[in-house]
Amino acid sequence: AVAYIRGLAELRNRNADWAERAVREAASLSSAAALREKVIDFVATDINDLLAQAQGRVVRVGQTDVRLETSGLIVQEFEPDWRTRLLSVITDPNIALILMMVGIYGLIFEFLTPGTLVPGTIGGICLLLGLYALALLPVSFAGLGLIILGVGLTVAEAHSPSFGALGVGGGIALVLGATILFDTDIPGLKVSWSVLGAIAVACLALSLVIARLAFISRWHDVVTGGEQMIGISGKVDSWTGISGYVIAHGERWKAVSTEPLAAGDRVKVTGRDGLTLEVVRSSQEA
């Protein structure tokens, strides 16, 4: 790179020593200093001034010297179309990262609550736009890997709650990944601290919500599966000896009891053995 830039500077009669420093040391100059050091030919205040100063100058194109005739030229401006304007917006690192996060969490919410459609639709669109923007930006694979790890930990927290451990770890991985996601020193291609802070708060809030729901669920009665039958009340439909049928939970179950029962008696379920309930007489009135 150094040899190439020196050769290019010497070919154009520029300051080759400064060009080498620009590559080796990332040196920079103001416009006035660049003019003084012969890094540039002149400084123009606007397009018209540029055309005026370029008039009559000779530049080398390939092996041919070309004289510039810029006087009297008409300046024609080309406005960017909607696609170019859209790309200029989504390729901002902050916007790209926000789109990624909205897309990821939208899909997570859709998977947790299937059928809502809105989070999944918005999340899918945002995720695709974010991925497209990342394809146009200098992305660090280490940062991308940390983001993927953070998403995985967040999903794991939602499916097997660890009271916040996995969620907090996922949030930390997401923030660290976002911090080093863009591998460049170009000004403007960095994620702002405010965006990183917002992502950190969102991850922490989601982890706390999941942890709280998991903690509360430990103290709630079981509402699904066979265990939810224990303790409910029912009514004897028919009975012979120590066994018969009861209506419980809107269903007709085979049941056994250690005490004699009769049709119409109120019973309480104390256990379950396969498809047979164990019941006792209830103190409630029919």
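Which residue's side chain does E259 meet in a salt bridge? I started my notebook with that one. The side chains of E259 and R281 meet, at 3.7 Å from N to O. One caution before I go on: this is a predicted model.

**Entry 1: the E259 pair**

I looked up where the two partners sit. E259 is in the loop between β5 (251–256) and β6 (266–273), while R281 is in strand β7 (residues 276–281). They are 22 residues apart, and the pair links distant parts of the chain. Then I checked how open they are. E259 has a relative accessible area of 26%, so I wrote it down as partly exposed. R281 is partly exposed too, at 39% relative accessibility.

**Entry 2: other salt bridges**

I searched the whole structure and got 9 salt bridges. I picked out R6 and E10, whose side chains meet at 3.7 Å, N to O. Why are these two about one helical turn apart? Because they are 4 residues apart in helix α1 (residues 2–11). R6 is partly exposed, with 23% relative accessible area, and E10 is partly exposed at 47%.

I also noted that R6 and E10 belong to a network of salt bridges.

Next I went to R14 and D41. Their side chains form a salt bridge with 3.0 Å between N and O. R14 is in the loop between α1 and α2 (16–24), and D41 is in the loop between α3 (31–36) and α4 (47–54), so this pair ties together parts that are 27 residues apart in sequence. I have R14 down as partly exposed, at 31% relative accessibility. D41 gets the label partly exposed as well, at 41%.

**Entry 3: the largest pocket**

How much space lies in the largest pocket? I got about 290 Å³. I then listed the residues that line this pocket: L11, R12, N13, R14, D41, F42, R57, V58, V59 and R60.

I sorted the lining by residue type. I counted 5 charged, 4 nonpolar and 1 polar. Which element gives the largest share of the lining? Strand β1 (residues 58–61) does, with 3 residues.

I took a second look at R60, which is in strand β1. R60 is partly exposed, at 34% relative accessibility. R12 is 48 residues away from R60 in sequence, but their C-alpha atoms are 8.2 Å apart in space.

**Entry 4: a nonpolar patch**

I went over the surface and found a nonpolar patch of about 460 Å². The residues that make it are V89, I95, I98, V102, V118 and I122. Two elements give two or more residues to this patch: α6 (93–112) and α7 (118–135). Which of the elements gives the most? That is α6, with 3 residues.

I zoomed in on I122, which is in helix α7. I122 has a relative accessible area of 45%, so I marked this residue as partly exposed. A residue needs over 30% to be part of a patch, so I122 clears that cut-off.

**Entry 5: backbone angles**

Most residues other than glycine have a negative phi. K38 has a positive one, near 60°. Where is K38? K38 is in the loop between α3 and α4. With a relative accessible area of 59%, K38 is exposed.

H249 has a positive phi near 60° as well, and H249 is not a glycine. I found H249 in the loop between β4 (243–248) and β5.

**Entry 6: one more residue, A34**

Is A34 buried or exposed? A34 is buried, because its relative accessibility is 8% and the label applies under 20%. I located A34 in helix α3. Last, I checked A34 against W18, which is 16 residues away along the chain. The C-alpha atoms of A34 and W18 are separated by 9.5 Å.

Conventions. Residues are numbered from 1 along each chain as its sequence is written. This is a predicted model: local features need pLDDT of at least 70, side-chain atom pairs count only at pLDDT 80 or more; totals for chains, interfaces and linings use all residues. Side-chain values use heavy atoms; hydrogens and water are left out. On a 1 Å grid over the protein atoms alone, a cavity is a set of points where a 1.4 Å probe fits but cannot get out, and a pocket is an open set with protein on both sides within 12 Å along at least five of seven lines; lining residues have an atom within 4 Å of a point. Grid points are joined across faces, edges and corners, and a volume is the space filled by probe spheres set on the points. Ala, Val, Leu, Ile, Met, Phe, Trp, Tyr, Cys and Pro count as nonpolar, Asp, Glu, Lys and Arg as charged, and the others, Gly among them, as polar. Patches are made of residues with over 30% relative accessible area and no salt bridge: like charges are joined within 9 Å, nonpolar side chains (Val, Leu, Ile, Met, Phe, Trp, Tyr) within 5 Å. Accessible areas come from the Shrake-Rupley method with a 1.4 Å probe; for residues, only the protein chains shown count as cover. A salt bridge is a side-chain nitrogen of Lys or Arg within 4 Å of a carboxyl oxygen of Asp or Glu. Buried means under 20% relative accessible area, exposed over 50%, partly exposed in between (1.4 Å probe, protein chains only).
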